[in-house]
Amino acid sequence: MSSNVGMAVANGALPIIAYGLLIYTWYIYVFRVCQPLLLNQDQAAMGGIFIFITTALWWFSLISYLRILLSHPGKPAQSTHTYQISPTIYSPSLFDISTMTTQPLSLRDEIPLPLLSLSRADGGLRYCTICCCYKPDRTHHCKECNSCVLKMDHHCPWIIGCVGHGNYKFFFLFVLYTGLYGVWCLCSALPLVVNAVQYKDFLLDPQWIALLILAFIFGFTIFGFAASHCYYIMRNETTIEHINDRPYEVRVDFDPSGTNYEIVSVQCTDMLWDNGISLNWRATMGSNPLGWFVPLWGGMGDGSVHPYNPTVYYTVVERAKCQRMMLNPHSLCEQDALVMLED
């Protein structure tokens, strides 16, 4: 019990520490490093520009971090209803790529293209007994949060929760702006500090050293983290998917009945949801380019259905048909005959 309380207190303190470090470094940069420039008529303009750039990056970092803390990563809807087919399936016939949303499926629907979803190896639907919900593709249960998270990327103690579909854009913008803030502070403050000590006989301020160390950490550690996540966004994969080494079991439903399906094993290197850099980027950062780097609006869709790569989709469907033909050579022929009779 005491260990759980201590862990909760420690987790709650991390955001305070993060904000404290950002505020402290901004104070040193503005009032310890740049203020002397403002007092010098020849360098006042440069000091003003330096303070403006630093403050802009600092504000975007603070706002992005606040948006992470106030945004839920996304959770599947609870359901005790027994489904024969996943309620969050993907088919190009049902999916609107412009809004990243899918139409609801009915047993009366005639689906011209098969339905795809991840499943268990035996074809059973992915269901979380703890959260009482069906798990859409890319959804994972976080043990630390004790909750399922849509398009879960990772658990982060610095935000007291998980990074998922609902807050991933804000997380990326936070590490991006914090990394840029650190790089800028380091590259702009270091020459000023060296010049002040060497040529102006200033005493070395210990807070200058603290700024340079923190800026180095923010700049090269966090900016490298931002670069990694930029790479993930362009490939439309999460951290979990990037390190995954197990194959995916893809269930291919030929109709909405829930009984006419095949299971196809797909290698994790096949990039199921990679739809090109442009669409991948817009799916995470939003459809409006003006809002890509503004931490106000999230990504597209609700995180429950994700479009499959077209090449992978049709390859999986063809493999499913081949499996069906091998097991029952007449099954698909009978389906085609029924369609011709109905026409």
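**View 1. Helices α4 and α6 pack against each other in this predicted model.** Helix α4 (residues 206-235) and helix α6 (residues 277-285) pack at an angle of about 115°, and their axes lie 6 Å apart. That makes α4 roughly perpendicular to α6, a label for angles of 65 to 115 degrees. Axes are lines fitted to C-alpha atoms, for helices over the stretch in contact, and angles run from 0 to 180 degrees between N-to-C directions. Helices are DSSP runs (H or I, at least four residues), and strands are runs of E with at least two, numbered from the N terminus. From α4, Cys230, Ile233, Met234 and Arg235 meet Ile277, Asn280, Trp281, Thr284 and Met285 of α6. Contact means heavy atoms within 4.5 Å. By class, this contact has six nonpolar, two polar and one charged residues. Ala, Val, Leu, Ile, Met, Phe, Trp, Tyr, Cys and Pro count as nonpolar; Asp, Glu, Lys and Arg count as charged; the others, Gly among them, count as polar.

**View 2. Helix α6 has buried residues, and a glycine follows it.** Leu279, Asn280, Trp281, Ala283, Thr284 and Met285 are buried. Buried means under 20% relative accessible area, exposed over 50%, and partly exposed in between (1.4 Å probe, protein chains only). Just after α6, glycine 286 has a positive phi of about 110°.

**View 3. The largest nonpolar core has 46 residues.** Such a core is a set of buried Ala, Val, Leu, Ile, Met, Phe, Trp, Tyr and Cys residues joined through side-chain atoms within 4.5 Å. Leu22, Tyr29, Ile68, Phe172 and Tyr181 have the most contacts inside it. Helices α1 (2-39), α2 (44-70), α3 (168-199), α4 and α6 each supply at least two residues. Helix α3 gives the most, with 16 residues. Beyond its neighbours within four places in sequence, tyrosine 181 touches Leu22, Thr25, Trp26, Thr54, Leu57, Trp58 and Phe218. A second, separate core of 24 residues includes Phe254, Met300, Tyr308 and Val317.

**View 4. Methionine 100 and asparagine 146 sit in loops.** Methionine 100 lies between β1 (95-96) and β2 (101-102). Its phi is positive, about 60°, although it is not a glycine. Methionine 100 is buried, with a relative accessible area of 5%. Asparagine 146 lies between β6 (140-142) and β7 (147-149). Asparagine 146 is not a glycine either, yet has a positive phi of about 55°. Asparagine 146 is partly exposed, at 46% relative accessible area.

**Notes.** Residues are numbered from 1 along each chain as its sequence is written, and side-chain values use heavy atoms, leaving out hydrogens and water. In this predicted model, local features need pLDDT of at least 70 and side-chain atom pairs count only at pLDDT 80 or more, while totals for chains, interfaces and linings use all residues.

Conventions: Angles under 35 degrees count as roughly parallel, over 145 as roughly antiparallel, 65 to 115 as roughly perpendicular and the rest as oblique.
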